[in-house]
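User: I would like to learn how to read a ligand site in a model. Can you take me through one?

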Amino acid sequence: MLSSAEKTQGERGLLKKALISGVTGQDGSYLVEFLLKKGYQVHGIIRRASTFNTDRIDAIYQDPHEADVRLFLHYGDLSDGTGLRRILESVQPDEVYNLGAQSHVKVSFEQPEYTADVVATGALRLLEALRDYVSLCGRKVRYYQAGSSEMYGSAPPPQNEATPFHPRSPYAVAKVAAHWYSVNYRESHAMFICNGILFNHESPRRGETFVTRKITRAIGRIKHGLQEKLYLGNLDAKRDWGFAGDYVEAMWLMLQQDEPDDYVVATGESRSVREFLEESFALAEMDWQQYVEIDPRYFRPAEVDYLLGDASKAREALGWTPKVSFWELVRMMVEHDMELARQERTLKQAGHRVTLRGIANG
Ligand code: NDP
Ligand code: GDR
């Protein structure tokens, strides 16, 4: 049976259109691939930068002059509400995924106002633009808000949709605000809005200053003689780590339901940073204790100790389950970064400069 989303689509007789903020990020890149496979026309919002920031989607981006192009990029920024309105009006999407964010928890302690502006007020700007667009065009546009397990903060595990939020960083406070803006717009303006409360999800495309990727990058680089030590902060924190490719399916499934709702997305298993170290270094046949040193600069002013998600609702209502196990995820990341380091070593041997980027605060 067709869902109401598919019916609307069918009635219009067009390709379904999705608009994604944060399209150049880890999740954005997996979501683009997923939606293109589903037959969507996909529009992504990218930030103007002085260097290229489209690495993660370069492989799927087509020259807009070619025939049958289904991925389009638009310059925009969550700090610029007028630009967001303009993009919405020109794209006329069926679904909007708000993934854009200053998403680094530690950085948010150093840039709290900027983080709030992009994460909380940015979501509000997009909702405001959408509210006006929907009321003008009279169509139901479905909206996904990228919420986070960080919103639970110090709430004891397991965490589910009924667990009260207790955010522990400026990032998490901003995500709580974006969550409640979304609930409020759903209740006040009858908009189709879903909050996904996603627990940590990783991949070979994870930013290199998040702990899992920082570890797997270091493993490859140490193995290939490009780095000697790995400096980390709190090894006792526990996270519920899944694979990003699985999690974007849950985002999409939320928007295909007849009624909008909020869902936790998680694996239901939690491991410490120390366990991640043990497993990943063991795969490379290395003893992590020989290479890892603790540097206080990577500790956070307030830590989130223990996240463990209960995704029963997503399992029952959406039929969603994670496909990639923790072990497969660790293996995928270690193998990818071993190969990347091998390529870097080859470049270095050929006389190119190879730098370790951006780990100052990560
Ligand atoms: P990334 O940090 O990889 O990507 C963030 C994206 O947001 C990038 O495309 C970035 O652009 C873009 N962005 C940053 N600032 C702005 C801005 N001012 N205006 C428009 N776009 C901006 O994050 P993830 O892909 O990992 O996460 C996606 C979303 O899900 C984020 O909202 C994150 O907070 C949330 N989340 C992530 C989880 C995870 O474990 N990965 C878990 C729960 C929630 P650029 O490439 O130019 O920097
Ligand atoms: P997190 O991810 O804060 O959970 O936010 P991150 O990988 O940054 O930290 C996980 C845990 O590892 C500890 N840690 C370190 N973290 C980093 N980044 N660097 C280190 O050197 C280090 N050493 C120990 C941290 O203290 C923490 O406890 C991610 C982001 O993607 C958010 O946007 C998202 O909302 C949440 O996941 C769910």
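This is a predicted model: local features need pLDDT of at least 70, side-chain atom pairs count only at pLDDT 80 or more; totals for chains, interfaces and linings use all residues.

User: How many residues surround ligand 1, and which are the closest?

Analyst: A residue joins the shell if one of its heavy atoms lies within 4 Å of the molecule. Here 26 residues surround ligand 1. The closest are Thr24, Asp27, Asp77, Ser103 and Tyr171.

User: Which helices and strands each supply at least two shell residues?

Analyst: Helices H2 (26–37), H5 (112–137) and H6 (170–189) do, and so does strand E5 (142–148). E5 gives the most, with three residues.

User: Which polar contacts does ligand 1 make with tyrosine 171, glycine 22 and arginine 206?

Analyst: Look for N or O atom pairs within 3.5 Å. The side chain of tyrosine 171 places an N or O atom 2.6 Å from a ligand oxygen. Glycine 22 uses a backbone N or O atom, 3.4 Å from an oxygen of ligand 1. For arginine 206, a polar side-chain atom lies 3.2 Å from a ligand nitrogen. Taken alone, ligand 1 exposes 900 Å², and the protein buries 90% of that.

User: Now the loop between E5 and H6: is glutamate 150 buried or exposed there?

Analyst: Buried means under 20% relative accessible area. Glutamate 150 has 6% relative accessibility, so it counts as buried. Beyond its neighbours within four places in sequence, glutamate 150 is in contact with residues including Val105, Tyr171, Arg239 and Leu307.

Key:
Residues are numbered from 1 along each chain as its sequence is written. Chains are lettered from A and ligands numbered from 1 in the order in which they are written. Side-chain values use heavy atoms; hydrogens and water are left out. A polar contact is a pair of N or O atoms within 3.5 Å; within protein, one must be able to donate a hydrogen and the other to accept it, and residues adjacent in sequence count only if both atoms are side-chain atoms. Accessible areas come from the Shrake-Rupley method with a 1.4 Å probe; for residues, only the protein chains shown count as cover. Helices (H or I, at least four residues) and strands (E, at least two) are DSSP runs, numbered from the N terminus. Buried means under 20% relative accessible area, exposed over 50%, partly exposed in between (1.4 Å probe, protein chains only). Contact means heavy atoms within 4.5 Å.
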